[in-house]
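Here is a short report on one protein model. Keep the sequence and the 3D view at hand as you read.

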Amino acid sequence: MQVWVDGRVLDDPEAPAVRVADHGFTVGDGVFEAVKVVRGQPFALTRHLERLQRSAASLALPEPDLDRVRGAIGEVLAREELALGKLRITWTAGPAPFGSGRGSGQPTLVVVATAMDPTPRTTSLHLVPWPRNERGVLAGVKSTSYAENVLALAEAQRHDATEALFANLAGHVCEGTGSNVAYVVDGELRTPTLGSGCLAGITRALLLEWADVTEVDEPVEVLMRADEIVLLSTTRDVQGVHRYGTRELTSPGPTTRMLMETWAAREAEHLDP
């Protein structure tokens, strides 16, 4: 693991580096991006950095200097050749008084590069009882306030699943803790609209460009009659679901395999040299 914090790569990646009064640490006042690395190159980095800017604007954080972020990425990737890895870019409000009010200090930028294991082709998914608030201020924002996801994922793991599914307040399919969801009903590939409160995922956006996908919001019960369910994310790429709750599915199904093949054929188009 290589760690860059506010201008330098740490000699010891596990050494203390962020102030205890940093608002990202004390109240989760920050945003982040997770970027896949393939053969030492970031995947879809420009799209990720644009989303970092949007997330920062949504939280009224200062705009991150993307040239500085790119420079930090170059430094950590130069330290270690990653055949398959992940970058974590974190941008917080910086030091502040303890409490909800922000301080007047400079924001904190952290970039971490670490190796990543390949994701299994299929996995299991569990619907959790707590809804996503599609009308909330954090809807669609990649915020560091992730406690809701931590609890949901722990609940899913108690049911032998590796990902949790949220419905939203309307009872519609929304998203996973770290993934977008797509599914096949009556031969049609569908995914929730951004109005559902789901994150505007990079993998989701690319597959909307590369495949015939219908954006629609419908009750979460639709998944009980879906022929295929698919998870989409930076670390999963395209991953089939072989079990949803107690329901077994044949996975990867034909549509999932098509999406996997499309992804494998076109991924190199978005590797940043």
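## Strands, helices and a surface patch

A hairpin links S13 to S14 through three residues. The model is a predicted one. S13 spans residues 228–233 and S14 spans residues 237–244; they pair in the antiparallel sense over four bridges. Within that pairing, Leu231 stands opposite Gln239 in S14.

S13 has another partner. Strand S10 (residues 180–185) pairs with S13 in the antiparallel sense over five bridges. Here Val181 stands opposite Leu231.

How well is S13 covered? Six of its six residues are buried. In a regular strand the side chains alternate between the two faces of the sheet. In S13, Glu228, Val230 and Leu232 lie on one side, while Ile229, Leu231 and Ser233 lie on the other, and both faces are covered.

Thr255 touches Glu228, along with Val184 and Leu189, leaving aside residues up to four places away in sequence. Thr255 sits in helix H6 (residues 254–266). Is Thr255 buried or exposed? Thr255 is buried, because its relative accessible area is 17% and buried means under 20%. Thr255 and Gly187 are 68 residues apart in sequence, yet their C-alpha atoms are 8.6 Å apart in space.

Next comes a sheet. Six strands form an open sheet in the order S2-S1-S6-S5-S3-S4, with antiparallel pairing. Strand S2 (8–9) and strand S4 (41–42) stand at the edges with a single partner strand each, so one side of each has no neighbour in the sheet. S2 pairs with strand S1 (residues 2–5) over two bridges. Val5 stands opposite Arg8 in S2. Helix H2 (residues 45–58) lies across S3, S4 and S5, and runs at about 175° to S3.

S8 and S9 form a hairpin too, with five residues between them. In its turn, Gly171 has a positive phi of about 80°. Phe166 has Glu175 in S9 as its bridge partner.

| Strand pair | Residues given | Bridges |
|---|---|---|
| S8 and S9 | 163–167 and 173–176 | three bridges |
| S10 and S13 | 180–185 for S10 | five bridges |
| S13 and S14 | 237–244 for S14 | four bridges |

Finally, look at the surface. Which residues form a nonpolar patch there? They are Val20, Phe25 and Phe98, with about 410 Å² of accessible area together. Phe25 belongs to helix H1 (residues 23–26). Phe25 counts as exposed because its relative accessible area is 61%, and exposed means over 50%.

Notes:
Residues are numbered from 1 along each chain as its sequence is written. This is a predicted model: local features need pLDDT of at least 70, side-chain atom pairs count only at pLDDT 80 or more; totals for chains, interfaces and linings use all residues. Side-chain values use heavy atoms; hydrogens and water are left out. Patches are made of residues with over 30% relative accessible area and no salt bridge: like charges are joined within 9 Å, nonpolar side chains (Val, Leu, Ile, Met, Phe, Trp, Tyr) within 5 Å. Accessible areas come from the Shrake-Rupley method with a 1.4 Å probe; for residues, only the protein chains shown count as cover. A salt bridge is a side-chain nitrogen of Lys or Arg within 4 Å of a carboxyl oxygen of Asp or Glu. Buried means under 20% relative accessible area, exposed over 50%, partly exposed in between (1.4 Å probe, protein chains only). Two strands pair if DSSP finds at least two bridges between them. Contact means heavy atoms within 4.5 Å. Axes are lines fitted to C-alpha atoms, for helices over the stretch in contact, and angles run from 0 to 180 degrees between N-to-C directions.
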